[in-house]
Amino acid sequence: MGNLSPAPLPLPFRERREKVAVIKEKKLTPAKRKALIKRSIPIYIMMLPGLIYLVINNYMPMPGIILAFKKYTAKLGIYRSPWNGLKNFTYLFSTPDAFVITRNTILYNVAFIIINLIFAVAVAIILSELTGKLKKAYQSIILLPHLLSAVIISYLVFAFLSADNGFINNSILGPLKKDPIGWYDNAKYWPFILVFVNLWKGIGYNCIIYLSTILGFDRSYYEAARIDGASKWKQITKITLPLLRPTIIMLSLMAVGRIFYSDFGLFYQVPRNSGALFPVTNTIDTYVYRALIEQGDITKSAAAGVYQSLVGFILILSANLLVRKLDPDSALF
Amino acid sequence: MKRKRVGEEGRFQIFGNIIMILFSLAAVIPLVLLLISSFTDDSALVRNGYSFFPEKWSAYAYQYIFTSGNSLTRAYIMSFVLTAVGVVVGLAITTLLAYGLSKKFLPARGVITFLVVFTMLFNGDLVPTYMNYANVFKVKDTFFGLLLPGLLMNAFNVMMMKSYFVSGVPDEILEAAYIDGANEYQTFLKIAFPLAKPIVATIALFIGIGYWNDWMNGYVYLSKATHLYTIQNLLNRMMQNIQFLQQNSSTISGANTGLASIPAVSVRMAMAVCGILPIVVIYPFIQNNFVKGITLGGVKG
């Protein structure tokens with residue numbers, strides 16, 4: 001679309017044309033600057049609602065992070081409560097919780113990154129090589145779980161795992177004469193369940209970028225390989241995967257940058273907030289939430305939140321720096 | 001030689017189709033189980049558990065939902081209203097901000113872009129956000145508690161749309177319109193906005209699905225105002241009540257009276273089906289836009 005020729009002018013609107021020309025100059029005379037500002041005002045007005053929302057939703061809460069360094073009492077509010085130094089943090093890190101939530105958040109993310117990558121690339125390669133009409137249908141169907149809310153997914157998981165009525169206990173373990181399993185009381189199953197649910201939910205979404213990248217590859221490589229008698233497997237390992245490597249590295253780095261954040265819905269809703277499972281389902285996000293809403297311990301929640309924001313900020317920044325070094329176009333900023 | 005290659009290609013096609021059929025089944029089977037459970041007779045459900053081949057079929061759950069004038073209808077309407085309002089307002093402010101950011105001549109464009117992008121990197125976190133909305137803006141137990149926090153606009157959508165305006169809507173056309181005498185508002189409404197329709201549809205979709213699926217705002221900001229519950233909040237609340245009773249059933253003597261307020265299993269499943277239904281119904285029409293949107297912004301997501 002970029003090569004459209006400039007539209008011919010029906011009438012010489014000289015004044016306006018000059019204004020356009022002015023904008024393209026670097027150094028402005030006061031009169032020209034005035035014209036520029038005059039033209040910009042309507043644009044600023046258009047941007048205003050969005051900017052106001054950013055202020056309300058994102059910037060006004062930001063100073064609130066000082067709460068983590070305060071001895072908070074509701075009567076005095078955030079700003080007038082006395083300072084408490086780093087005591088909230090020393091308290092947080094003296095509990096075993098700090099270690100558990102950090103470990104869970106990072107380990108789950110590492111597992112998600114690796115497993116999602118393997119499956120997403122495999123599915124993308126298969127879809128890119130399929131020739132039939134069903135290709136499109138497969139892609140749509142496996143994307144569907146991505147559009148379901150965490151609440152709905154917890155209902156689906158519950159239908160399979162419920163101790164009394166669950167499909168697995170009743171229709172699989174029952175006929176096999178095995179004892180029913182109290183899924184929601186046994187922590188040992190949950191790392192696998194959560195990794196599986198995450199994969200199930202995300203696979204259609206995760207493969208899209210890889211698929212569109214593969215479809216953008218120059219087909220002549222494959223034709224040449226075929227003429228030389230390369231097998232399908234050889235084509236995949238020697239052409240597709242090497243060409244896909246930059247995309248894989250980029251997306252993985254981005255995911256590593258977000259390793260301190262977790263999908264709150266997945267870790268809170270799917271295990272149904274079951275206390276017996278906390279050792280393996282509590283992540284920083286669920287911890288912050290529970291401390292605030294269920295325990296009403298505002299400073300503890302705020303301290304954990306600041307811990308997440310700061311480490312997360314550093315990680316995203318460094319991941320992005322790395323990405324920018326490798327491929328400036330993929331960088332977030 | 002040639003024959004061998006055709007054979008290999010054929011084998012790959014069969015193998016690939018089998019794998020993809022398995023993945024597709026895995027994606028759909030839980031939904032099928034949910035649907036069948038909602039049409040299962042409740043006593044059969046309690047006796048045999050969730051099953052793909054119910055002992056006894058029944059449409060009781062749907063009859064119950066649609067005749068008893070219960071909270072579901074209200075929550076359903078709430079979900080639709082919230083999604084509609086959210087999409088219209090969110091789309092408007094996102095598009096306008098993105099359009100402004102795409103104007104190369106705009107003074108302070110760099111600063112504003114930075115302010116937008118910075119929100120992707122750092123945020124005030126749950127506690128300060130909660131206190132801001134609850135104490136400063138008093139959104140607790142109001143419709144705004146569902147509408148405002150987090151979902152209306154995000155930097156990611158803004159940047160995605162901005163790059164579409166930069167690359168997909170030629171500057172020459174906009175400048176030509178300006179030279180022809182259109183003011184900035186007219187240029188936006190009559191030229192830029194129609195040209196950006198594909199991305200507008202995609203962003204509308206992202207915002208809409210965000211609102212339809214959101215349960216967190218209602219969970220955090222609605223404590224007394226249960227009449228404002230969306231379908232997701234209602235489903236969430238039922239699940240919590242069940243969990244609570246199961247964990248405390250030995251200690252609460254009057255558990256049965258509590259249980260009476262929780263609808264039967266099949267009814268709960270029917271409600272969940274209602275929660276998914278709008279998405280499944282519009283999905284065939286939107287999935288193309290959805291895939292395109294993810295591809296457009298994907299690497300940056």
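Residues are numbered from 1 along each chain as its sequence is written, and chains are lettered from A and ligands numbered from 1 in the order in which they are written. Because the model is predicted, local features need pLDDT of at least 70 and side-chain atom pairs count only at pLDDT 80 or more, whereas totals for chains, interfaces and linings use all residues; side-chain values use heavy atoms, with hydrogens and water left out.

Chain B contains 15 helices and zero strands, where helices (H or I, at least four residues) and strands (E, at least two) are DSSP runs numbered from the N terminus. Of its 301 residues, 54% count as buried, the term buried denoting under 20% relative accessible area, exposed over 50%, and partly exposed the range in between (1.4 Å probe, protein chains only). Among contacts in chain B between residues at least 6 apart in sequence, 73% join residues at least 24 apart; contact means heavy atoms within 4.5 Å.

Two packed helices are described by the angle between their axes and the distance between the axes. Axes are lines fitted to C-alpha atoms, for helices over the stretch in contact, and angles run from 0 to 180 degrees between N-to-C directions. Helix α2 (residues 30–59) of chain A packs against helix α4 (residues 71–101) of chain B at an angle of about 125°, with the axes 8 Å apart. The arrangement of α2(A) relative to α4(B) is therefore oblique; angles under 35 degrees count as roughly parallel, over 145 as roughly antiparallel, 65 to 115 as roughly perpendicular and the rest as oblique.

A second contact between the chains joins helix α14 (residues 284–294) of chain A to α6(B), at an angle of about 40° and with axes 10 Å apart. This angle makes α14(A) oblique to α6(B). A:V288, A:Y289 and A:L292 of α14(A) form the contact with B:L126, B:V127 and B:Y130 of α6(B), a set of six nonpolar, no polar and no charged residues.

Within chain A, the axes of helix α11 (residues 232–257) and helix α15 (residues 298–326) come within 8 Å and cross at roughly 165°. α11(A) is thus roughly antiparallel to α15(A), and the crossing is right-handed. The contact involves A:I249, A:M250, A:L253, A:M254 and A:G257 of α11(A), together with A:G312, A:L315, A:I316, A:A319, A:N320, A:L322, A:V323 and A:L326 of α15(A). Its residues divide into ten nonpolar, three polar and no charged.

Residues up to four places away in sequence aside, A:W190 touches A:Y108, A:L161, A:W183, A:Y184, A:V270, A:P271, A:L277, A:V280 and A:T281.

Most residues other than glycine have a negative phi. B:A108, in the loop between α4 and α5 (109–121) of chain B, has a positive phi near 65° and counts as partly exposed at 45% relative accessibility. B:K138 lies in the loop between α6 (126–136) and α7 (143–147) of chain B; its phi is positive, about 50°, and at 57% relative accessibility B:K138 counts as exposed.

B:L148 is located in the loop between α7 and α8 (155–168) of chain B and, at 21% relative accessibility, is partly exposed. Residues up to four places away in sequence aside, B:L148 touches A:Y53, A:N57, B:Y133 and B:V139.

Key. A crossing is left-handed if the near helix is turned anticlockwise from the far one by less than a right angle, and right-handed if clockwise. Ala, Val, Leu, Ile, Met, Phe, Trp, Tyr, Cys and Pro count as nonpolar, Asp, Glu, Lys and Arg as charged, and the others, Gly among them, as polar.
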